[in-house]
Amino acid sequence: MINNDKIIKNYCNSLTEYSRNRTREVFIGNIPLGGNNPIRIQSMTTTDTMNTKATVEQTIRMVDAGCEYVRITAPSKSEAQNLELIKKELRKCGYNVPLIADIHFTPNAAEIAARIVEKVRINPGNYADRKKFENLEFNNNEYEIELERIREKFTPLVKICKEYGTAMRIGTNHGSLSDRIMSRYGDTPLGMVESALEFVRICEELSYYNIVLSMKSSNPQVMVQAYRLLIIKMKEEKMNYPLHLGVTEAGGGEDGRIKSALGIGALLEDGIGDTIRVSLTEDPEFESPIAILLANRYKNRQNHLPIKPIENIPIDPFFFVKRDTTEVEGIGGHNVIRVISDFGFRSLKTFSDLADIGYFYDELTDKWNMNEMASDYIYLGQNSSPFDLPNGLKIIQDFEIWKKFKENIKSYPLLNINEFSDFNGNCEQTIFINLNYNEFDEKVIEKLKLYPSSILVIGTQNLHGLAEMRRFYFDLLIKNISNPVILKRSYNNVNLEEIRLFASTDLGGLIIEGFGDGVWVEIENLNNSEIDSSNSKVYVKKYIKINESKEKIINRMLFGILQAARARISKTEYIACPSCGRTLFDLQETTEKIRKRTEHLKGVKIAIMGCIVNGPGEMADADYGYVGSGIDKITLYKGKEIIKRNISASGAVDSLIEIIKEDNNWIEPS
Ligand code: SF4
């Protein structure tokens, strides 16, 4: 844990005034990255690199969807060599997109590719090592010998890159740190940073600076902490290389988008990041429109309303600590983060309306049942309910309405700041107070002391909303105010893609900082259509039913954000790689198959990987792993331990379920 104000202050330009972190400009072919350039969009092919036609066609679709750099895997010398043909065919079709060779384990493939493509990506965890996944001990001398061995293996590639003007990404993955790094730092953000910097130092010794860095993890919190730490460490060593942002193995569909937006968005909010890849377990042409939406949010961000600057930050941005709060009505204290459903724009009419937020009325038993995603509070605004609500669902109403009905129904009032100023009710009454940072003054602070059972509903109208709400958080900490806080964001005229990405960033980015005891999203006009792509072609799957109600969409999304932030687990978690030319089975189909059989297993984490490069390490974070290990061959893991090796893909899902059963983590679907 780093706990030094001077260091803490320095991971971005400002926590209150948006500006992009200025990095060194690096040319990837003819498209420069970093410096004053816009946030670049990139993605990776999933085809077999030896299949030139399929790779060229897929690359073209990706470029048409807005992708500015295309990465292609080169697992061995023959794939590396075939990049030449792919490049030639693309140029023939008029596509000059810079290509990036993705390398794991094979320096000789990297050395071929570096002469052909515009950039090579190496993974410092496995470039010169075949990882043994053992707990090895390295004393100082042995560590130095290892570094010398790496220098010898890595130097030829650096020299080729220098000679050919090829750029290089040194891309650390949380799951595949080398045994050497693990021995000294463990699988920590600091280990991730050191893993990359060992290689950067070698580059600099050889006067090679055409470098981009990344720190990926499937856990957005770890990923955000690692990037921040990387910036600090780079500053200490007078480096300022551009950063490639991504959440690895994010999965697909809604969950993949939420997880990616949470990690990538949290960094973009602070002006960090020069290029992004949203990796989804979907065809890669679906990735760029999402990445573009995320990046475009920051185009005019510097025009935001001013936020009071802060000198000393009262949190450690490299270490998660949840804000200490007093429990009020099941909110705050040690409770999970609560979900508030907004029915302010929709009157409740029948029992079935509540199915959208996880409550199901059973006529036979005259009882309510709830699922894992049942919201905790319902906001009825100016309305009341025509029927009794389930016991577990608490009601919030606007103050004026609450006063009228308080004798008849149990509910809690929501007061605006003026109503709170005039309020002189019972000091034990639980009240919700809607306010933003500009309304939070000494008078409010004094009055809060009289009403310890008040819950703050914090919103913002600032374009730089996360920063303003975080500034509020800092003041609450500095002033020792422990009332629970509901994070509320209001959006207007958004579509389904935007709302997922924006809310995941705006709420998730604060939750991973330790802020928030509840989440609430209000949307005035939700456009139930999929992405409005500014590109000439639209490649977006309709994975969500358009006829779902706004309340249902928001409810599922809020639970998804809490799951991605690891703040409240309500479903099975899939750590699924996006697949690439190394994948030897149909990853999308298999992920779907596994999902169908296991999605009722709340809290179980299943990793589904096309190959082993990020396998066991990433599975430090998963309970079970399903990993490709040859053509139609699967290896199954429990944690990092191999349980079945190289079994036929045809029965592998059944075997996975057997392992879960033997481990007593199986329940029958209801
Ligand atoms: S884990 Fe998946 S995306 Fe990563 S290299 Fe293996 S197959 Fe490709």
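**Entry 1: Lysine 238**

I looked up lysine 238 and found that it counts as exposed, because it has 7 C-beta neighbours inside 10 Å. The model I consulted is predicted, and its local features need pLDDT of at least 70, side-chain atom pairs count only at pLDDT 80 or more, and totals for chains, interfaces and linings use all residues. Residues are numbered from 1 along each chain as its sequence is written.

I located lysine 238 in the loop between α8 and β9 (244-245). Helices (H or I, at least four residues) and strands (E, at least two) are DSSP runs, numbered from the N terminus. Lysine 238 is not a glycine, yet its phi is positive, at about 55°.

**Entry 2: Asparagine 646**

I then turned to asparagine 646, which lies in strand β27 (residues 641-648). Asparagine 646 also has a positive phi, of about 50°, although it is not a glycine. Is asparagine 646 buried or exposed? I noted it as exposed, because 12 other C-beta atoms lie within 10 Å.

I found leucine 526 in strand β22 (residues 526-527). Leucine 526 counts as buried because it has 20 C-beta neighbours inside 10 Å. Not counting residues up to four places away in sequence, leucine 526 touches Val494, Ile499 and Lys550; two residues are in contact if their C-beta atoms, placed from the backbone, lie within 7 Å. From leucine 526 to phenylalanine 360, I noted 166 residues in sequence and 25 Å in space, C-alpha to C-alpha.

Isoleucine 433 belongs to strand β17 (residues 431-435). I recorded isoleucine 433 as buried because it has 25 C-beta neighbours inside 10 Å. Leaving aside neighbours within four places in sequence, its contacts are Leu415, Phe420, Ser454, Leu456 and Val457. Isoleucine 433 and asparagine 418 are 15 residues apart in sequence and 9.9 Å apart in space, C-alpha to C-alpha.

**Entry 3: Helices α8 and α9**

Two packed helices are described by the angle and the distance between their axes. I found that the axes of α8 (residues 220-236) and α9 (residues 253-269) come within 9 Å and cross at roughly 20°. Axes are lines fitted to C-alpha atoms, for helices over the stretch in contact, and angles run from 0 to 180 degrees between N-to-C directions. Helices α8 and α9 are therefore roughly parallel to each other (angles under 35 degrees count as roughly parallel, over 145 as roughly antiparallel, 65 to 115 as roughly perpendicular and the rest as oblique). The contact involves Pro220, Met223, Val224 and Tyr227 of α8, and Lys259, Leu262, Gly263, Ala266 and Leu267 of α9. I listed these contact residues as seven nonpolar, one polar and one charged. Ala, Val, Leu, Ile, Met, Phe, Trp, Tyr, Cys and Pro count as nonpolar, Asp, Glu, Lys and Arg as charged, and the others, Gly among them, as polar.

**Entry 4: Helices α14 and α15**

I noted that the axes of α14 (residues 465-478) and α15 (residues 496-511) come within 9 Å and cross at roughly 30°. That makes α14 roughly parallel to α15. On the α14 side, Gly465, Leu466, Met469, Arg470 and Tyr473 meet Thr505, Asp506, Gly509 and Leu510 in α15. The residues of this contact divide into four nonpolar, three polar and two charged.
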